[in-house]
Amino acid sequence: MQNKRGLLIVVSGPSGAGKGTVLAHTIVNYPTLRYSVSVTTRKPREGEVEGVNYYFKTLEEFEELLSRGEFLEHQKVYDNYYGTPLSKVKQQLDEGFDVVLEIDVKGALEVKNKYPDAVMIFISPAKRETIEERLRGRSTESEEQLKIRTASAIEEIKQAVFYDYIVVNEDVARGAADIIAIIEAEKCKVKNNKKFIDNLIYGGN
Ligand code: 5GP
(Lines give C-alpha, C1' and ligand atoms only; values in the text may rest on other atoms or scores of the structure.)
Protein backbone atom coordinates (compact mmCIF):
# COMPACT_ATOMS: atom_id res chain seq x y z
CA MET A 1 0.00 0.00 0.00
CA GLN A 2 1.23 3.47 0.80
CA ASN A 3 2.05 6.56 -1.14
CA LYS A 4 5.10 6.41 -3.31
CA ARG A 5 6.15 9.85 -2.14
CA GLY A 6 8.13 9.85 1.10
CA LEU A 7 7.27 11.60 4.35
CA LEU A 8 8.80 14.91 5.34
CA ILE A 9 9.82 14.64 8.98
CA VAL A 10 10.96 17.60 11.05
CA VAL A 11 12.92 17.00 14.23
CA SER A 12 13.80 19.71 16.72
CA GLY A 13 14.76 19.86 20.33
CA PRO A 14 17.00 21.86 22.61
CA SER A 15 20.76 21.53 22.29
CA GLY A 16 21.71 18.91 24.80
CA ALA A 17 18.66 16.76 24.05
CA GLY A 18 20.80 14.34 22.06
CA LYS A 19 18.91 14.78 18.77
CA GLY A 20 21.90 13.93 16.62
CA THR A 21 22.60 10.65 18.38
CA VAL A 22 18.98 9.50 18.33
CA LEU A 23 18.62 10.41 14.65
CA ALA A 24 21.84 8.65 13.67
CA HIS A 25 20.54 5.52 15.41
CA THR A 26 17.15 5.88 13.71
CA ILE A 27 18.65 6.21 10.22
CA VAL A 28 20.83 3.12 10.64
CA ASN A 29 17.71 1.15 11.56
CA TYR A 30 15.31 2.56 8.98
CA PRO A 31 16.58 2.17 5.42
CA THR A 32 14.16 4.49 3.62
CA LEU A 33 15.01 7.43 5.89
CA ARG A 34 17.42 10.08 4.61
CA TYR A 35 19.02 12.88 6.62
CA SER A 36 18.86 16.31 5.00
CA VAL A 37 22.31 17.88 5.26
CA SER A 38 21.97 21.61 5.97
CA VAL A 39 24.10 24.49 4.82
CA THR A 40 25.69 26.58 7.58
CA THR A 41 28.04 29.49 8.07
CA ARG A 42 29.16 27.97 11.39
CA LYS A 43 32.74 26.73 11.57
CA PRO A 44 33.07 22.93 11.68
CA ARG A 45 33.44 21.36 15.14
CA GLU A 46 36.09 18.75 15.63
CA GLY A 47 35.12 15.55 13.82
CA GLU A 48 32.46 17.17 11.67
CA VAL A 49 32.69 16.28 8.00
CA GLU A 50 31.77 18.44 4.99
CA GLY A 51 28.70 17.04 3.26
CA VAL A 52 27.94 14.65 6.13
CA ASN A 53 27.15 16.93 9.08
CA TYR A 54 26.78 20.17 7.13
CA TYR A 55 27.84 21.96 3.98
CA PHE A 56 30.10 24.61 5.48
CA LYS A 57 29.91 27.92 3.62
CA THR A 58 31.03 31.51 4.01
CA LEU A 59 28.41 34.18 4.67
CA GLU A 60 28.77 35.39 1.06
CA GLU A 61 28.21 31.89 -0.31
CA PHE A 62 25.19 31.43 1.97
CA GLU A 63 23.66 34.72 0.82
CA GLU A 64 24.21 33.74 -2.80
CA LEU A 65 22.30 30.45 -2.28
CA LEU A 66 19.57 32.35 -0.45
CA SER A 67 19.16 34.90 -3.25
CA ARG A 68 18.83 32.04 -5.74
CA GLY A 69 15.92 30.63 -3.71
CA GLU A 70 17.79 27.43 -2.91
CA PHE A 71 16.50 27.05 0.66
CA LEU A 72 13.30 25.39 1.83
CA GLU A 73 13.77 27.45 5.01
CA HIS A 74 16.63 29.25 6.68
CA GLN A 75 17.30 30.82 10.06
CA LYS A 76 19.92 32.62 12.05
CA VAL A 77 20.60 30.44 15.09
CA TYR A 78 22.89 31.98 17.70
CA ASP A 79 25.42 33.84 15.51
CA ASN A 80 25.28 31.65 12.45
CA TYR A 81 23.03 31.01 9.48
CA TYR A 82 21.54 27.63 8.70
CA GLY A 83 19.46 26.58 5.70
CA THR A 84 17.78 23.46 4.32
CA PRO A 85 18.60 22.80 0.65
CA LEU A 86 15.28 22.67 -1.21
CA SER A 87 16.05 20.70 -4.39
CA LYS A 88 17.71 17.78 -2.60
CA VAL A 89 14.77 17.36 -0.20
CA LYS A 90 12.25 17.46 -3.05
CA GLN A 91 14.24 14.97 -5.09
CA GLN A 92 14.48 12.47 -2.23
CA LEU A 93 10.77 12.76 -1.41
CA ASP A 94 9.92 12.21 -5.09
CA GLU A 95 12.15 9.13 -5.12
CA GLY A 96 10.06 7.74 -2.25
CA PHE A 97 12.56 8.30 0.57
CA ASP A 98 11.44 9.73 3.88
CA VAL A 99 13.47 12.84 4.65
CA VAL A 100 14.30 14.10 8.10
CA LEU A 101 15.23 17.72 8.76
CA GLU A 102 17.01 18.38 12.03
CA ILE A 103 16.37 22.08 12.44
CA ASP A 104 15.59 24.72 15.05
CA VAL A 105 12.06 25.50 16.22
CA LYS A 106 11.60 28.67 14.12
CA GLY A 107 12.70 26.89 10.96
CA ALA A 108 10.46 23.95 11.85
CA LEU A 109 7.39 26.17 12.15
CA GLU A 110 8.24 27.72 8.78
CA VAL A 111 8.35 24.24 7.23
CA LYS A 112 4.99 23.30 8.81
CA ASN A 113 3.48 26.45 7.29
CA LYS A 114 4.71 25.57 3.82
CA TYR A 115 4.12 21.82 4.12
CA PRO A 116 1.22 21.14 6.50
CA ASP A 117 1.70 17.38 6.04
CA ALA A 118 5.18 17.51 7.58
CA VAL A 119 5.45 15.26 10.63
CA MET A 120 6.72 17.31 13.55
CA ILE A 121 8.73 15.54 16.25
CA PHE A 122 10.20 17.22 19.32
CA ILE A 123 13.07 15.43 21.05
CA SER A 124 13.53 16.26 24.68
CA PRO A 125 15.85 15.15 27.45
CA ALA A 126 14.25 13.20 30.26
CA LYS A 127 15.31 15.76 32.86
CA ARG A 128 15.97 19.47 32.89
CA GLU A 129 19.47 18.99 34.36
CA THR A 130 20.52 16.80 31.44
CA ILE A 131 20.59 19.78 29.08
CA GLU A 132 23.46 21.56 30.80
CA GLU A 133 25.29 18.32 31.56
CA ARG A 134 25.24 17.31 27.89
CA LEU A 135 26.28 20.75 26.66
CA ARG A 136 29.13 20.76 29.16
CA GLY A 137 30.18 17.28 28.08
CA ARG A 138 30.48 18.48 24.50
CA SER A 139 32.78 21.24 25.83
CA THR A 140 33.27 23.03 22.54
CA GLU A 141 31.57 26.12 23.94
CA SER A 142 32.92 28.84 26.22
CA GLU A 143 31.25 29.32 29.64
CA GLU A 144 29.43 32.36 28.27
CA GLN A 145 28.13 30.44 25.22
CA LEU A 146 27.15 27.57 27.46
CA LYS A 147 24.91 29.84 29.55
CA ILE A 148 23.28 31.29 26.44
CA ARG A 149 22.68 27.84 24.97
CA THR A 150 21.24 26.48 28.24
CA ALA A 151 18.84 29.41 28.59
CA SER A 152 17.67 29.20 25.00
CA ALA A 153 17.28 25.42 25.30
CA ILE A 154 14.78 25.97 28.13
CA GLU A 155 12.98 28.60 26.00
CA GLU A 156 12.82 26.13 23.10
CA ILE A 157 11.08 23.52 25.22
CA LYS A 158 8.12 25.89 25.51
CA GLN A 159 7.62 25.45 21.76
CA ALA A 160 7.09 21.69 22.03
CA VAL A 161 3.32 22.31 22.08
CA PHE A 162 3.44 23.16 18.37
CA TYR A 163 4.73 19.69 17.47
CA ASP A 164 2.80 16.49 16.73
CA TYR A 165 4.95 14.17 18.84
CA ILE A 166 7.42 14.32 21.71
CA VAL A 167 10.16 11.72 22.00
CA VAL A 168 12.04 11.54 25.27
CA ASN A 169 15.68 10.69 24.84
CA GLU A 170 16.43 8.78 28.00
CA ASP A 171 17.77 5.86 26.05
CA VAL A 172 19.02 6.20 22.46
CA ALA A 173 17.67 2.88 21.20
CA ARG A 174 14.26 3.58 22.72
CA GLY A 175 14.20 7.12 21.28
CA ALA A 176 15.02 5.75 17.82
CA ALA A 177 12.37 3.03 18.17
CA ASP A 178 9.81 5.70 19.06
CA ILE A 179 10.68 7.71 15.94
CA ILE A 180 10.35 4.61 13.77
CA ALA A 181 6.99 3.83 15.37
CA ILE A 182 5.82 7.37 14.57
CA ILE A 183 6.90 7.07 10.93
CA GLU A 184 5.19 3.69 10.57
CA ALA A 185 1.98 5.03 12.10
CA GLU A 186 2.04 8.05 9.78
CA LYS A 187 2.39 5.72 6.81
CA CYS A 188 -0.73 3.84 7.90
CA LYS A 189 -2.83 7.00 8.15
CA VAL A 190 -5.85 6.92 5.86
CA LYS A 191 -5.05 10.40 4.55
CA ASN A 192 -1.70 9.03 3.36
CA ASN A 193 -3.32 6.09 1.59
CA LYS A 194 -6.08 7.68 -0.47
CA LYS A 195 -4.69 6.40 -3.75
CA PHE A 196 -4.34 2.86 -2.40
CA ILE A 197 -7.97 2.91 -1.25
CA ASP A 198 -9.14 4.28 -4.62
CA ASN A 199 -7.29 1.48 -6.36
CA LEU A 200 -9.04 -1.10 -4.17
CA ILE A 201 -12.37 0.40 -5.05
CA TYR A 202 -11.89 1.18 -8.72
CA GLY A 203 -9.01 -1.09 -9.69
CA GLY A 204 -5.60 -0.08 -11.06
CA ASN A 205 -2.31 0.26 -9.24
P1 5GP B 1 24.56 23.21 15.77
O2 5GP B 1 25.36 24.45 15.47
O3 5GP B 1 24.63 22.80 17.22
O4 5GP B 1 24.88 22.09 14.81
O5 5GP B 1 23.03 23.59 15.49
C6 5GP B 1 22.43 24.65 16.14
C7 5GP B 1 20.94 24.63 15.86
O8 5GP B 1 20.68 24.88 14.49
C9 5GP B 1 20.27 23.30 16.18
O10 5GP B 1 19.04 23.57 16.87
C11 5GP B 1 20.00 22.71 14.82
O12 5GP B 1 18.89 21.84 14.84
C13 5GP B 1 19.72 23.95 14.03
N14 5GP B 1 19.86 23.76 12.57
C15 5GP B 1 20.73 22.95 11.90
N16 5GP B 1 20.52 23.02 10.59
C17 5GP B 1 19.47 23.86 10.40
C18 5GP B 1 18.74 24.33 9.24
O19 5GP B 1 19.01 23.98 8.09
N20 5GP B 1 17.72 25.20 9.47
C21 5GP B 1 17.38 25.63 10.71
N22 5GP B 1 16.34 26.45 10.82
N23 5GP B 1 18.03 25.20 11.82
C24 5GP B 1 19.06 24.33 11.67
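1. Two strands pair if DSSP finds at least two bridges between them. Strands here are DSSP runs of E with at least two residues, helices are runs of H or I with at least four, and both are numbered from the N terminus.

2. This is a predicted model, where local features need pLDDT of at least 70, side-chain atom pairs count only at pLDDT 80 or more, and totals for chains, interfaces and linings use all residues. Residues are numbered from 1 along each chain as its sequence is written, and side-chain values use heavy atoms, with hydrogens and water left out.

3. Start with the five-stranded sheet. This open sheet runs β2-β7-β1-β8-β9, with parallel pairing. Its edge strands are β2 (33–35) and β9 (165–168), and each pairs on one side only. Neighbouring strands are turned by 30° against each other on average, direction ignored. Axes are lines fitted to C-alpha atoms, for helices over the stretch in contact, and angles run from 0 to 180 degrees between N-to-C directions.

4. Strand β7 (residues 98–102) pairs with β2 in the parallel sense, over three bridges. Within this pair, R34 has V99 of β7 as its bridge partner.

5. Helix α1 (residues 19–28) lies across β1 (8–12), β2, β7 and β8 (119–124), and runs at about 170° to β7. Helix α7 (residues 172–187) touches β1, β2, β7, β8 and β9. The direction of α7 makes about 155° with that of β9.

6. Now the other sheet. It is open, has four strands in the order β4-β3-β6-β5, and its pairing is mixed. β4 (54–56) and β5 (71–77) each have a single partner strand, so one side of each lacks a neighbour in the sheet. The twist averages 25° from one strand to the next.

7. Strand β3 (residues 38–40) pairs with β4 in the parallel sense over three bridges. S38 stands opposite Y54 in β4. Helix α2 (residues 59–67) lies across β3, β5 and β6 (80–85), at about 145° to β5.

8. A cavity is a set of points on a 1 Å grid over the protein atoms alone where a 1.4 Å probe fits but cannot get out; lining residues have an atom within 4 Å of a point. Points are joined across faces, edges and corners, and a volume is the space filled by probe spheres set on them. The count is one cavity of 30 Å³ or more. The largest cavity has a volume of about 30 Å³.

9. What lines the largest cavity? The residues are R5, L8, L72, V89, K90, L93 and Y115. Helix α3 (residues 86–94) gives the most to this lining, with three residues.

Definitions and conventions. 1 Å grid on protein atoms, 1.4 Å probe; cavity = no way out; pocket = protein on both sides within 12 Å on 5 of 7 lines; lining within 4 Å. Contact = heavy atoms within 4.5 Å.
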